[in-house]
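Subject: A structure for you to look at

Hi,

Here is the structure I promised to pass on to you. Please open it beside this email, and then read on for what was found in it.

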Amino acid sequence: MTMTSPKQTELSLKQSGVRWLWLAALVFIVDVGSKLLVMNTMEYGWPNRIELLPFFNLLYVHNYGAAFSFLSDAGGWQRWFFTAIALGVCSLLVFWMRRSPAENRLANSAYALIVGGALGNLFDRMYHGFVVDFLDFYVGNSHWPAFNIADSAICIGAAMIILEGFIADKKEKAK
C-alpha cells in the first residue's frame, strides 16, 4: 500500500476552482465602476430618481446596513460586523474553491459571484462607510428595497448553490 502525501492529493491552482476567481474580479470591477458612475452622475435621494421603465428607476441611496437595510440604524457597530462576515464568507468560499476541481463550473462560478459581490460591498463599506445602492424596482407604489450589482451577484450565486445542491442530490440518487 502506498501512502500519498497531502501535497499529492491537493489540486494545483490550475486544476482547482480558484481559476474561477476571474469572475469574482469581473463582478467587483463592474460593481465598483457602476457605483462610481452613479455617485458621480446622479444626485442623492428619491426626488432625483431617473425613471427608465414603468417598473424600474435608478435611485442613488446609501445603505448603512446589510440586505434590505437590515441594521442600518444600529449605531455604527454593524459596519465592522458586516465587514467581518464578508471576510469570513469570502475566505471560506475561496478555501472551497481551492479544494474543488475547476470543472465543477456551477459551484465555482456561484462561489465566485458571491465573493465578487461581497468584496464590492465590502469596498463600499470600508471606503465610504455605507454601501451605494441604485437599482429600484417597483409595482405601483410598492418599491423593492434599492440594491446594486454586488447584491445581484450574491443572490444569483446563492441561487446557483441551491441549484447545484439539487443537481448533486439527483446525481447521487442516480448512482
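Glu51 stands opposite Asn57, a residue of strand β2. In this model, helices (H or I, at least four residues) and strands (E, at least two) are DSSP runs, numbered from the N terminus. The model is a predicted one: local features need pLDDT of at least 70, side-chain atom pairs count only at pLDDT 80 or more, and totals for chains, interfaces and linings use all residues. Residues are numbered from 1 along each chain as its sequence is written, and side-chain values use heavy atoms, with hydrogens and water left out.

Back to the strands. Two of them pair if DSSP finds at least two bridges between them. Strand β1 (residues 50-53) runs antiparallel to β2, and 3 bridges join the two.

Next, helix α4. This helix has 23 residues and spans 32 Å from its first C-alpha to its last. That is close to the expected 33 Å, where the expected span is 1.5 Å times one less than the number of residues. Because 17 of its 23 residues are buried, α4 is largely enclosed by the rest of the structure. After α4 comes Gly129, with a positive phi near 90 degrees.

α4 also has a part in the largest nonpolar core. Such a core is a set of buried Ala, Val, Leu, Ile, Met, Phe, Trp, Tyr and Cys residues joined through side-chain atoms within 4.5 Å. This one has 21 residues, and those touching the most other members include Trp20, Leu93 and Tyr111. The elements that give two or more residues to this core are α2 (21-41), α3 (77-99), α4 and α5 (149-174). The most come from α4, which gives 9 residues.

Now for the rings. Rings of Phe, Tyr and Trp (its six-membered ring) pair if their centres lie within 6.5 Å; planes under 30 degrees apart count as stacked, over 60 as edge-to-face and the rest as tilted. The count comes to 10 aromatic pairs. Phe123 and Tyr127 make a stacked pair, 5.5 Å centre to centre with 5 degrees between the planes. They sit 4 residues apart in α4 (residues 105-127), so about one helical turn separates them. Phe123 is partly exposed at 32% relative accessible area, while Tyr127 is exposed at 62%. Elsewhere, Phe55, Phe56, Phe137 and Phe147 form one aromatic cluster.

How many disulfides does a search of the whole structure find? The search, which looks for a pair of cysteine sulfur atoms within 2.5 Å, finds 0. Cys90 is buried, with 8% relative accessible area, and Cys155 is exposed, with 53%.

Enjoy exploring!

Note on methods:
Buried means under 20% relative accessible area, exposed over 50%, partly exposed in between (1.4 Å probe, protein chains only).
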